[in-house]
Amino acid sequence: MSLMAVGVVLAAVGGDHLLGEPPNRLHPVALFGRLVAPLDRSWPTPRLAGGIAALSLPLLAAGVVAAAVWIAGQSHPIAGGVVAAGVLFSTISLRLLCATASNVLDQTDTDLAGAREALLALAGRDATTLSADHVRSAAVESAAENLSDGFVAPLVGFVIASVVGGRWLTPGATLAAATAAAAWIKAINTMDSMVGYRTKPVGWAAAKLDDLVMWVPARLTAITISVATLSPDPLLVGRRWAGEPASPNAGWPMATLSAALGVRLDKPGHYTLNAVASLPTTAAGHRGVAIVRRAGWLTTVSAAVIVGV
């Protein structure tokens, strides 16, 4: 199982690096989003409906994934590994994250309107009145937060289930459980991104579940960002601001990256990280993207080593 799990991790991340995102019409996350979309309407008891959906839909996704990996593995272990790698590949995103953030940063110097529009792919906020400095800040913030949500978290789920399952389950069952764990985490985060807003009572349960599931990945991401700078200082300094955002988790990777770059990250009306510094320049933003990319690769190596032991 160990060598198979290592191969799955490396194949999934390698596929993301070489191929990027699958086409939207075929993307499993987009397909899951179609299951979630009908939830976003008026309900007589929105919290009850949302709670049932938050518990059942991610479990449904995880169950389908577990069954697919298990059935493929029964025909041949390599087939199970291929299916697992394909699923894990669909739950992570590093190449597109870095490319999108870099594109936003570049456009702030040449086409502010275009930068504001491109930012929507990263951050769910109204960018129509943001200055170039604040667009760059949002791009850096989102790169750090999405590293946690869209890359580290699914890998953490895969690793934890691999280690725990390896003690109690057969190799095939362990691989199925590990891949299902990654899919379950991705499904929860997808639900939160779609309905987990204070203005949508139906998303209350999804938001709370996301807060719980992302607690460990957010802090591990902060550690990895600091390691990527070859210094403990970003983590030690940034943790002082980690509680500024309303989210119990998002502040950790964002504050650590803010400290690493020595810049202020500011969402007007919501939070300010490192208030005494200046907002990021384009060059500083690109340094931030480079750190995020290195942190992603460090996470990959760490995951491969842990599941391979």
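1. The second largest pocket holds about 330 Å³ of space in this predicted model, where local features need pLDDT of at least 70, side-chain atom pairs count only at pLDDT 80 or more, and totals for chains, interfaces and linings use all residues. A pocket here is an open set of points on a 1 Å grid over the protein atoms alone, where a 1.4 Å probe fits, with protein on both sides within 12 Å along at least five of seven lines. Its volume is the space filled by probe spheres set on the points.

2. Which residues lie nearest the centre of this second largest pocket? They are P28, F32, A61, V65 and A183, among 17 lining residues, lining meaning an atom within 4 Å of a point. Helices α2, α3, α4 (77-91) and α8 (171-195) each give two or more residues to the lining; helices are DSSP runs (H or I, at least four residues), numbered from the N terminus. By class, the lining has 13 nonpolar, three polar and one charged residues.

3. Do look at A37, in the loop between α2 (28-36) and α3 (46-75). A37 counts as partly exposed because its relative accessibility is 41%, between the limits of 20% and 50% (1.4 Å probe, protein chains only).

4. Helices α7 (residues 132-168) and α13 (residues 282-308) pack with axes 10 Å apart, at an angle of about 0°. The pair is therefore roughly parallel (angles under 35 degrees). Among the residues that meet are F151 and L155 in α7 and V292 and A295 in α13, contact being heavy atoms within 4.5 Å.

5. A note on conventions: residues are numbered from 1 along each chain as its sequence is written, and side-chain values use heavy atoms, leaving out hydrogens and water.

Methods:
Axes are lines fitted to C-alpha atoms, for helices over the stretch in contact, and angles run from 0 to 180 degrees between N-to-C directions. Angles under 35 degrees count as roughly parallel, over 145 as roughly antiparallel, 65 to 115 as roughly perpendicular and the rest as oblique. Ala, Val, Leu, Ile, Met, Phe, Trp, Tyr, Cys and Pro count as nonpolar, Asp, Glu, Lys and Arg as charged, and the others, Gly among them, as polar.
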